[in-house]
Amino acid sequence: MATPNVYFEINVAGKPAGRITFRLFDDVVPKTARNFRELTTGQNGYGYKGSLFHRIIPQFMIQGGDFDKHNGTGGRSIYGQSFLDENFRLKHERPFLLSMANSGPNTNGSQVRHPAVACLAMSHTIQFFITTIATSWLDGKHCVFGEVVEGRELVKQIEALGSGHGAPKETVVITNCGTL
């Protein structure tokens, strides 16, 4: 039986901007995909609804998932504060991939590093990012667990709101999310 896709409804600057739909790679990284899906549905009493894309770097990625502090230093997984890397079989070989942020080995859910950008505060939280280009330097360091199947134009619109240091020019909020 196929697992359902998940979605984010997005507001930019307080106005509806559209939907991003993801296919999760349950067959390759089932634990990571389950975590994201459950945080999307909020079935454990917490999750991504109402959280921000707090870090946006053009020609790299858009990052979200801090539903506690909304600044990149909060969040938690369904398994606890962080969890072990499941595997690195999938590569960051194209844009629109969904990957786990982390602060080092086996700390899924924190900040993602860009070779040209100083890393923001690190913590063991449950954050994710969507690539906007191929990011091969992240292979073996961050776990790819899904891809954008609809809403790629919206991802690019969000990317355009970023800056070299990651601070968004507008507030980008996940106003609703769940499974399809």
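Reader: Which residues touch the most other members in the largest nonpolar core?
Author: In this predicted model, the largest nonpolar core has 39 residues, and those touching the most other members are Phe8, Ile10, Phe22, Phe36, Tyr48, Phe53 and Phe128. Strand 1, residues 6–12, supplies the largest share of this core, with four residues.

Reader: How many residues are in the second, separate core?
Author: That second core has six residues, among them Ile57, Phe60, Ala101 and Phe129.

Reader: Switching to strand 4, which way do its residues point?
Author: Met61 and Gln63 point one way from strand 4, residues 61–64, while Ile62 and Gly64 point the other way, and all of them are buried.

Reader: Why would they alternate like that?
Author: Because side chains in a regular strand alternate between the two faces of the sheet.

Reader: How does strand 3 run relative to strand 4, parallel or antiparallel?
Author: Strand 3, residues 53–57, runs antiparallel to strand 4 and is joined to it by four bridges, with Gln63 in strand 4 as the bridge partner of Arg55. The two strands form a hairpin with three residues between them, and Gln59 in the turn has a positive phi of about 60°.

Reader: What about strand 6, and which residue there stands opposite Gly64?
Author: Strand 6, residues 128–131, pairs with strand 4 in the antiparallel sense over four bridges, and Phe128 is the residue in strand 6 that stands opposite Gly64.

Note on methods:
Residues are numbered from 1 along each chain as its sequence is written. This is a predicted model: local features need pLDDT of at least 70, side-chain atom pairs count only at pLDDT 80 or more; totals for chains, interfaces and linings use all residues. Side-chain values use heavy atoms; hydrogens and water are left out. A nonpolar core is a set of buried Ala, Val, Leu, Ile, Met, Phe, Trp, Tyr and Cys residues joined through side-chain atoms within 4.5 Å. Buried means under 20% relative accessible area, exposed over 50%, partly exposed in between (1.4 Å probe, protein chains only). Two strands pair if DSSP finds at least two bridges between them.
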